[in-house]
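Okay, thanks for coming, everyone. Let me put the structure up, and then we'll walk through it piece by piece.

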There are 2 protein chains.
Amino acid sequence: MKFITTLIACLYLTALPAQDQPVADQIRAIYDQALQNGQAYQWLEHLSNQIGSRLSGSIGAEQAVRWGEEELNALGLDRVFLQPVMVPKWVRGNFEYANIESSPGNTINVPVCALGGSIATPSAGIRAQVVEVSNFEELAKLGSAQIAGKFVFFNRPMEAQLINTFEAYSRAVNQRSRGAEEAAKYGAVGVIVRSINLRLDDYPHTGSMSYGQLPIQDRIPAAAISTNGAELLSSMLKLNPNLRFFLKQNCKNYPDVLSYNVVGEVKGTTHPENIIVVGGHLDSWDLGDGAHDDGAGIVQSMEVLRIFKSLNYKPKNTVRVVLFMNEENGTRGGKKYAELAKENNEKHLFALESDAGGFTPRGFSFDSDEMSFQKISSWKPYFAPYQIHEFSQGGSGADIGPLKDGKVVLSGLRPDSQRYFDYHHAATDTFEGINKRELELGAAAMTTMVYLVDYFGLD
Amino acid sequence: MKFITTLIACLYLTALPAQDQPVADQIRAIYDQALQNGQAYQWLEHLSNQIGSRLSGSIGAEQAVRWGEEELNALGLDRVFLQPVMVPKWVRGNFEYANIESSPGNTINVPVCALGGSIATPSAGIRAQVVEVSNFEELAKLGSAQIAGKFVFFNRPMEAQLINTFEAYSRAVNQRSRGAEEAAKYGAVGVIVRSINLRLDDYPHTGSMSYGQLPIQDRIPAAAISTNGAELLSSMLKLNPNLRFFLKQNCKNYPDVLSYNVVGEVKGTTHPENIIVVGGHLDSWDLGDGAHDDGAGIVQSMEVLRIFKSLNYKPKNTVRVVLFMNEENGTRGGKKYAELAKENNEKHLFALESDAGGFTPRGFSFDSDEMSFQKISSWKPYFAPYQIHEFSQGGSGADIGPLKDGKVVLSGLRPDSQRYFDYHHAATDTFEGINKRELELGAAAMTTMVYLVDYFGLD
């Protein structure tokens with residue numbers, strides 16, 4: 001590409017009626033601030049590289065709480081406070097080890113990691129045969145006769161043909177979240193789950209799993225295997241169905257520990273009793289540094305209040321940034337926030353979460369009544385010059401979900417989803433995977449949405 | 001992000017009238033083929049890693065021509081042929097060297113590279129004082145009295161607040177393309193141009209420059225300096241306006257050499273005389289391996305015909321993939337293709353180029369009459385499920401530009417532009433910067449557009 005002499009025409013700005021120009025100008029000022037003088041990228045550099053991974057109950061999570069409180073205080077907000085919350089503490093311990101033994105003594109190492117919440121193997125590890133399945137129906141069909149004493153290997157890939165990768169994720173993730181619970185019913189000794197990512201690579205992706213109501217003595221270890229490892233194991237099983245798999249993992253569940261949501265607030269000038277929330281989650285998995293999941297959402301949310309301050313915009317309603325704790329393995333922070341909101345009779349108008357990576361924003365999703373969705377959709381012309389096109393009805397975010405009461409409008413930032421699962425819950429989720437402009441555009445889009453909700457209201 | 005239980009609703013598919021379902025199904029099949037069974041990524045791996053950089057006149061460019069011809073032949077097209085074209089040959093020679101001398105003997109190295117087409121410095125290099133300017137107006141104001149015998153340092157950054165980075169590029173690039181010509185008029189000994197990228201990093205970005213009508217004896221060397229280098233030089237100049245800059249570069253212009261466009265064709269079943277072109281450029285700059293610029297466009301264009309073949313879709317009109325030579329420093333291939341089309345009285349309906357990187361596609365731009373633009377815009381509902389939203393009027397692509405005759409519709413694929421200039425013309429433009437899905441989505445979008453033009457026509 002050399003250079004384009006004809007600028008690509010901006011077809012959208014002209015669509016706004018003249019009386020809305022001050023609103024359009026304010027949005028332009030928000031974007032200028034985010035792109036020319038943004039703080040999100042520097043904040044994320046610190047959170048990722050100086051603090052690093054922040055699994056609930058870890059020292060990193062503690063440091064992140066202190067850092068969030070300090071940075072919000074430095075913004076000169078009206079109020080910064082912590083909400084104590086008890087969170088699960090799961091610790092990986094020494095890294096996991098696994099190999100495929102095609103004949104006695106003939107082994108190939110494969111990259112694995114324990115799933116979050118899993119128990120350890122016995123200290124000598126487990127060596128056993130492997131049964132490969134795609135789903136729980138196949139599992140049930142095989143039954144105890146074929147499964148008892150073996151590993152169950154869940155190997156259903158994400159579906160590449162789905163355009164929205166989150167849809168592909170939601171269709172694959174039950175292997176990870178409930179695979180151990182299901183396989184244990186048939187006497188499996190452990191489960192090996194294909195990593196929930198689209199790319200063929202060597203990184204195992206962790207994530208939460210649950211044993212449901214399974215009695216403690218029936219629980220079995222659960223590990224993720226990299227996609228390349230899964231392909232290898234599957235092809236070796238075709239050649240030799242009797243091969244054996246060795247897994248050793250060292251993770252442990254501890255009693256719950258005290259942690260915190262971090263909340264910063266600017267009081268509303270006309271309706272201080274109405275609350276708008278913007279947030280992400282401060283905790284992360286332990287393999288990378290959680291730059292996309294969800295450091296990006298944290299710094300973008302903080303940026304909303306920083307931009308308001310820098311533009312001297314005084315919201316009519318109270319605007320809160322919430323750095324939620326423990327989204328990854330418990331959502332305790334989100335539940336605690338909603339519980340306290342109810343206890344304190346707080347009236348929440350709108351809650352917006354960013355928890356889908358720091359990529360170019362494409363739109364927003366809304367969990368709301370039809371009228372609010374229509375009203376918000378009427379603001380699309382304000383977003384079009386910034387290439388935000390997709391307003392959909394559906395999800396919002398795990399941390400704000402507990403606020404749902406039939407009145408509050410819940411919303412999620414929807415960035416381009418193509419690269420997210422290359423990073424998600426893996427050692428690859430580091431600051432190097434972040435593009436500064438993409439991150440900043442997300443912050444600007446969120447600030448714009450909060451501004452419009454505050455300015456026009458939702459009635 | 002844990003997992004989303006509510007799938008994001010696809011609001012668009014329902015907007016299609018029932019009779020268009022077979023068309024929607026065909027498009028779905030195109031996307032399935034591109035995403036589940038695509039060839040683009042493997043092709044690009046070969047072009048980037050096995051062949052590498054492909055500057056016009058280089059061995060890499062020769063190898064790329066042979067590779068393109070072989071791969072198109074392997075697709076079993078109706079015709080594959082080469083179009084001979086004479087191209088410029090510019091060779092970088094040994095890598096460049098530069099430093100800033102703040103006091104005699106006290107130097108700091110800075111990363112630079114010669115701009116494409118520049119002359120070398122004398123073999124001992126040039127050491128001289130530096131005058132920093134932002135644009136040609138400042139240059140003219142300073143005049144010969146302040147400039148003669150010095151380097152001119154063009155340091156106008158890309159404007160971060162512009163959403164479309166190509167707009168920011170077009171507003172910055174005249175420093176690179178014409179800076180030497182302008183500075184030479186005032187007796188400058190050389191020009192140092194801030195790299196045309198948005199990120200602060202250590203990579204100089206090359207690109208074409210021209211001396212215009214400047215007599216040979218008046219020409220001066222032109223180099224790009226990395227953005228970090230530019231920031232350093234600028235701040236050191238503020239402390240010491242008399243510092244000196246040293247530049248040594250070793251590039252050379254050779255006589256034109258023979259090269260080729262590579263053309264593959266499937267004959268139309270009902271209107272073989274009507275031609276639809278899809279293409280990119282086979283040449284690249286020499287610092288990286290040209291994965292985004294424009295290996296991506298090459299493999300996406302080839303993928304259009306491969307997908308048609310794989311789906312057994314027989315186009316009504318003749319469809320040609322053209323791998324153009326020499327876009328970067330001459331556009332000779334594009335001019336030759338248009339010249340031959342005219343000579344042979346060929347009727348071109350539509351030409352589509354991909355030359356803006358292998359990122360998630362966002363839309364298309366069109367250089368056409370209003371009626372054709374309206375007709376094509378009526379197809380937007382077919383693209384909406386695939387998140388292609390932006391149909392704009394404006395540019396198309398440098399290689400297909402010479403086809404413009406007031407009848408043919410020219411179009412450019414418009415991917416998300418945020419990351420492009422991190423890679424553009426720099427050592428960073430390598431295969432590692434490519435995301436497989438993003439590349440494939442671009443190929444699918446192009447195939448869809450060519451299919452719709454072929455199926456519905458443009459009348």
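So, how far apart do the C-alpha centres of domain 1 of chain A and domain 2 of chain A lie? They are 34 Å apart. Before going on, the housekeeping: this is a predicted model, so local features need pLDDT of at least 70, side-chain atom pairs count only at pLDDT 80 or more, and totals for chains, interfaces and linings use all residues. Residues are numbered from 1 along each chain as its sequence is written, while chains are lettered from A and ligands numbered from 1 in the order in which they are written.

Back to the domains. In chain A, domain 1 covers 19–89 + 255–456 and domain 2 covers 93–250; those bounds come from an automatic or database domain assignment. Where they meet, 15 residues of domain 1 of chain A are in contact with 18 residues of domain 2 of chain A, contact meaning that the C-beta atoms, placed from the backbone, lie within 7 Å. The domain 1 side of that contact in chain A has seven nonpolar, six polar and two charged residues. For those classes, Ala, Val, Leu, Ile, Met, Phe, Trp, Tyr, Cys and Pro count as nonpolar, Asp, Glu, Lys and Arg as charged, and the others, Gly among them, as polar.

Now the sheet in chain A. Its eight strands make an open sheet in the order β3-β2-β9-β5-β6-β7-β8-β4, with mixed pairing. Strands here are DSSP runs (E, at least two residues), helices are runs of H or I with at least four, and both are numbered from the N terminus; two strands pair if DSSP finds at least two bridges between them. β3 (106–109) and β4 (112–114) of chain A are at the edges with a single partner strand each, so one side of each has no neighbour in the sheet. On average, neighbouring strands of this sheet are turned by 35 degrees against each other, direction ignored.

Zooming in, β7 (190–194) and β8 (222–225) of chain A run parallel and are joined by four bridges. Val191(A) sits opposite Ala222(A) in β8(A). Helices lie across this sheet too. One of them, α4 (136–147) of chain A, lies across β5 and β6 of chain A at about 150 degrees to β5(A). Axes are lines fitted to C-alpha atoms, for helices over the stretch in contact, and angles run from 0 to 180 degrees between N-to-C directions. Helix α6 (174–184) of chain A lies across β6, β7 and β8 of chain A, at about 155 degrees to β7(A).

Okay, helix pairs. In chain A, the axes of α2 (40–51) and α8 (291–310) come within 9 Å and cross at roughly 135 degrees. That makes α2(A) oblique to α8(A). The cut-offs: under 35 degrees is roughly parallel, over 145 roughly antiparallel, 65 to 115 roughly perpendicular, and the rest oblique. The α2(A)–α8(A) crossing is right-handed, which by convention has the near helix turned clockwise from the far one by less than a right angle, with anticlockwise being left-handed. Residues making this contact include Trp43(A) and Leu47(A) of α2(A), and Ile298(A) and Met302(A) of α8(A). By class, the contact has nine nonpolar, three polar and one charged.

Over in chain B, α1(B) and α13(B) pack at about 150 degrees with axes 9 Å apart, and are therefore roughly antiparallel to each other. This crossing of α1(B) and α13(B) is right-handed as well. Among the residues in the contact are Ile27(B) and Tyr31(B) of α1(B), and Ala444(B) and Tyr451(B) of α13(B).

What about the two chains together? The contact takes 53 residues from chain B and 53 from chain A. On the chain B side, the elements giving two or more residues include α1 (21–36), α8 (291–310) and α13 (436–456) of chain B. That side of chain B divides into 20 nonpolar, 17 polar and 16 charged.

Most residues other than glycine have a negative phi, and most peptide bonds are trans. In chain A, though, Asp293(A) and Asp294(A) are joined by a cis peptide bond, omega about 5 degrees, and Asp294(A) is in helix α8 of chain A. There's a cis bond between Asp293(B) and Asp294(B) too, also with omega about 5 degrees. Finally, Asn326(A) has a positive phi, near 75 degrees, and is in the loop between β12 (317–324) and α9 (332–343) of chain A.

Terms used. Two residues are in contact if their C-beta atoms, placed from the backbone, lie within 7 Å.
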